[in-house]
Amino acid sequence: MQTAPLSRYLSLVPSSVMVGVFFAIPFVMILLTSVSTPAEDVDYRYAFDLQHFERFLTWFYIERALFSAGLCALIALISLLIAFPFTYLLTTFGPRTQTSWLIYILAQLSLSEVLIAFSWQILLSRTSGIGNIIAWIGITEKSFSMSPSAGAVVAALVYLAVPFSVLLLFPALSRLDKSLLEASRTLGASPLRTFFTVVIPVTRPAIISSGVTVFVLTLGAIIVPQVLGRPEHWTLSVLITDQAIFNFNMPFASALAVVLLVLSASVIVLVTRYAGGAKS
Amino acid sequence: MTGLVIQDVTKKFGSIVAVEDVNLTFNSGEMICFLGPSGCGKTTLLRMIAGLEEPTRGMISIDGRDLTGVPVHKRDIGMVFQSFALFPHLSVGENISYSMRIRGHSRSECEDRVTELLDMMHLPGVADRRISQLSGGQRQRVAIARALALNPQVFLLDEPMSALDANLREAMQIELRKLQLELGITTVVVTHDQTEAMTMADQIVVMGKAKVLQTGGPMDIYKTPADKFVAGFIGTSNLLPAQMAGNDTVRVGGAELKVGGVKGDHQSGEDVLLMTRPEEVFVHPVTDAPPANAISGTVTFVRDIGATIEILVDCAGNEVISVLTPKDWPGVKVGEAVNVEMPAAACNVLAA
């Protein structure tokens, strides 16, 4: 069977070319650009110059990176707190209810970030937002604007992330063996206790992968922080856009992108290492 | 002392009746088997004792304590699930001591109890293993140990042997019965395997189509089944169409036979079924003196497997099986005309 390995490699060729052309080459170009050096006749010249990374090492950018990580971790946490109980309850319903909810949630994913950002801007505005409802009920005297603010950024990004969380949690929760829960009940655990001692630990891998995915996903969001936040709420991704599109500083934008990549990669590695596979 | 009482219990799922008008009373410390084909409601009845289902109507009590409305986790039961339902995220020891940790027992108490239970289940030294590292038989022992950790009032097992292979199954039946006798715990086992029920039970409850068909000791049910369904479900039986010909006489074909037990009220001339057990039926060659209480037939097959010999006889279109020990072997051959003796004490009359 000498042809078998060759044919196996052949079947890999189209996908390898795809990944190579569209992912690996651009990535290498970003890496090269991030260490390029300024030149007088052209924008920049390939070299090994760490000045853009040095520029990152100022408190302003470090603070931005930490803020981005913290913001996205918070969003991942809130999304899980909303998505997990919802998905858990959803799995207790019949297949028809489950399917219609899943279709609805999938449909949610087709909404673009731009649309969501501007809808939330209207929703949180003084003239036509929920401020009017609050004023109408009588909690406040006058309607007020709730954006731009950190809360508005968090709310819109959670809105964006919850469908992903649900879809990532659903397979694990629907496969959860219900007799485990019954066993726990017969052993004297209340439903709440069962939830914390059985449901959560058994589905922990799915919870972690859902959290990490939402974290990385929101780390790349660029519209919501700009539309609903003040400049102090801008994440690293927004700064990258800013540098690349408005300042035409490709080398620095690339350096920031590399930092963002390292940040996401280390979060994925750390979380899967210390929370995912532990106890085995 | 009265242990488990099930009173007028009915369970409906929508319009489907899963369990209908069940009334059962058992003594404390008895081993009870719910026996029946799948879908007869036996598992639903077990789950109602556990509290995993609420009866639509009726009451269940244990040792005088009414369990109506008592949630599962306050019932003081131990249950072994068909799939064993061991927690995959916990070690063997943590699985067994789960209920103790819920009740706030100390770490050392838990460890001692785990060691004690694993010794009892002949599984020493596996406390630190993962569930995935255990074989099916070991998992079952761990599931039993986990259910018994807090010495519950009632021990419930839902088809406990169905995940095991045949050899292990028979050994576990004996072991489980020994364990139950040793602990003296009221135990309910759901099974569709009549041998399992006969091996382990003090009381067998035969169920069919949501109803209890017969309750009694294994031998009572075997010797005097209530109807043809029970007779067919427990052991092998010969069922011959017959007519009543007096109080304790039936007519089968041309022969009249005396019968020992008659179930139900039957008019003379009514169509009934004559039931006998294969090991109580004897075969004699026609050349011998004709025995009393016999019908004639032709041998169609002889299966000699050493310990027992099975003879299949065709009696006017109905098959009668006789299982004999070698000492009763009449030396008949296939095709030979024989007399099949059915002693009056072995004959039961059931409704057709």
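This is a predicted model: local features need pLDDT of at least 70, side-chain atom pairs count only at pLDDT 80 or more; totals for chains, interfaces and linings use all residues.
Local features need pLDDT of at least 70, side-chain atom pairs count only at pLDDT 80 or more, and totals for chains, interfaces and linings use all residues. Residues are numbered from 1 along each chain as its sequence is written, while chains are lettered from A and ligands numbered from 1 in the order in which they are written.

Chain B has 9 helices and 21 strands. Both are DSSP runs, numbered from the N terminus: helices are H or I of at least four residues, strands are E of at least two. The C-alpha trace of chain B spans about 80 × 45 × 35 Å along its principal axes. Of its 352 residues, 41% count as buried (20 or more other C-beta atoms within 10 Å of a residue's own, with C-beta atoms placed from the backbone; exposed is 12 or fewer, partly exposed in between). Among contacts in chain B with a separation of 6 or more, 67% join residues 24 or more positions apart. A contact requires C-beta atoms, placed from the backbone, within 7 Å.

Four strands of chain B form an open antiparallel sheet in the order β2-β1-β4-β5. Strands pair if DSSP finds at least two bridges between them. β2 (16-27) and β5 (65-66) of chain B are the edges; each has a single partner strand, so one side of each lacks a neighbour in the sheet. Strand β1 (residues 2-13) of chain B runs antiparallel to β2(B), with 7 bridges between them. Here B:I6 stands opposite B:L24. Helix α1 (residues 42-50) of chain B packs on this sheet and touches β1, β2 and β4 (57-62) of chain B. Its direction makes about 60° with that of β2(B). Such angles run from 0 to 180 degrees between N-to-C directions, with axes fitted to C-alpha atoms, for helices over the stretch in contact.

Strand β15 (residues 271-276) of chain B is largely enclosed by the rest of the structure, because 5 of its 6 residues are buried. β15(B) pairs antiparallel with strand β11 (residues 238-244) of chain B over 6 bridges. B:Q243 stands opposite B:D271. β15(B) also pairs antiparallel with strand β21 (residues 348-351) of chain B, over 4 bridges. There B:V272 has B:A351 as its bridge partner.

Between the chains, 15 residues of chain A are in contact with 16 residues of chain B. On the chain A side, α8 (178-186) and α9 (191-202) give two or more residues each. α8(A) supplies the largest share, 6 residues.

Elsewhere in chain A, helix α4 (residues 95-108) is hardly covered: 1 of its 14 residues is buried.

Methods
Two residues are in contact if their C-beta atoms, placed from the backbone, lie within 7 Å.
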